[in-house]
Amino acid sequence: MMKRFFFLALGIGLAGTAFGQRQLTELWETKNLPTPESVLFSPGNNVLYVSLIDGDAMGKDGKGGVAILNLDGSVKTVDWITGMDSPKGLAIYKDMLYVADLTSVSVIDIITGNEINKIEFPGAVMLNDVTIDDNGVVYVSDTRSGKIYQMRNNRPTVYMENTKSVNGLKYVNGALYALVGPELWKIDSNKKSTVVAKGFELGGDGLEPVGNGDFLVTCWGGLVYYVKADGSFEKLMDVRGKMNTADLGFQPQTNTVYIPTFNNNSVKAYKLN
């Protein structure tokens, strides 16, 4: 397969790498995945979980599900979980996969593949991303209502309001990070928020830590950013009008980035250099 190279904005070509600027090199693409929204790397069993909307992103139509890919892009099973409505964000805690599914969160036993619980979130409009802290407390973003939910012992409550267009979430080193519109917030245990970075052109979607306080951020319309701990950021990819870049996954051991292309019905893998 011919490898494709995506460089930073401002027309920087091969010579730009001499200054240490990062790039993404395409590794593979898995096609025929119906509307993939989120990819999650699972270190426990070295596979990728992919949420598949396969229908209306706001519809309760039972068409959605979860697929499993091997790390080389081959399909392990495309219909591991079926009968969901509009599954989006994914998170794992103690062999349990948590899936945001429009107005509920499904809990799936990774070992058996059985859904062991489905918790409705009162007042939810479009649950989007999921993250879980070290104690098993679940956080879920509701993009349409601008709220972040918290769930303890399968009981959801509103954790924060006035987080307009909140999407990607990640719990890292005692803090909750959230993409709130064009900004990346750090939220401490007292719910005090600090803006880490701002200026993402299309509003943030996927969020993944890459170490040393740095993050990868995607915007659904076709942008990928590398965000440094000091709040500065670089544009790694701009494919607006060609494909979507939804809720990404990241494998830190190999610096591999996994991007669901949503309307292009595929997942693409890239090497982050």
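User: Which residues do ring pairs link into a cluster with Tyr139?

Analyst: In this predicted model, ring pairs link Tyr139 with Tyr159 and Tyr171 into a cluster. The structure holds 10 aromatic pairs.

User: Why is the pair of Tyr139 and Tyr159 called edge-to-face?

Analyst: The ring centres of Tyr139 and Tyr159 are 5.2 Å apart, and centres within 6.5 Å make a pair. The planes of the two rings stand at 75 degrees, and an angle over 60 counts as edge-to-face, so the pair of Tyr139 and Tyr159 is given that name.

User: What makes this a link between distant parts of the chain?

Analyst: Tyr139 belongs to strand 12 (residues 138-142), whereas Tyr159 belongs to strand 14 (residues 155-160), and the two are 20 residues apart. Both tyrosines, Tyr139 and Tyr159, are buried, a word that stands for a relative accessible area under 20%.

User: What makes Arg22 count as a charge over the ring of Tyr226?

Analyst: Arg22 lies over the face of Tyr226, at 3.9 Å from the ring centre, and the limit for this distance is within 6 Å.

User: How do you know whether Pro43 is buried or exposed?

Analyst: The relative accessible area of Pro43 is 55%, and over 50% counts as exposed, so Pro43 is exposed. Pro43 sits in the loop between strand 3 (36-42) and strand 4 (47-52).

User: What lines the largest pocket, and which strand gives the most to its lining?

Analyst: The largest pocket holds about 540 Å³ of space. Its lining is made of 22 residues, and Leu40, Ile92, Lys170, Tyr171 and Glu208 are the closest to its centre. Strand 7 gives the most, with four residues. By class, the lining of the largest pocket has 14 nonpolar, four polar and four charged residues.

User: How many residues line the second largest pocket, and of which classes are they?

Analyst: The second largest pocket, with about 300 Å³ of space, is lined by 17 residues, and Met126, Asn128, Asn167, Asp205 and Trp220 lie nearest its centre. Six nonpolar, seven polar and four charged residues make up this lining.

Notes: Residues numbered from 1 in each chain as written. Predicted model: local features only at pLDDT ≥ 70, side-chain atom pairs only at ≥ 80, totals over all residues. Heavy atoms only, no water. Buried < 20%, exposed > 50% of the residue type's maximum accessible area, 1.4 Å probe, protein only. Phe/Tyr/Trp six-rings, centres within 6.5 Å; stacked < 30°, edge-to-face > 60°. Lys NZ or Arg CZ within 6 Å of the ring centre and 35° of its normal. 1 Å grid on protein atoms, 1.4 Å probe; cavity = no way out; pocket = protein on both sides within 12 Å on 5 of 7 lines; lining within 4 Å. Points joined across faces, edges and corners; volume = space filled by probe spheres on them. Nonpolar A, V, L, I, M, F, W, Y, C, P; charged D, E, K, R; others polar.
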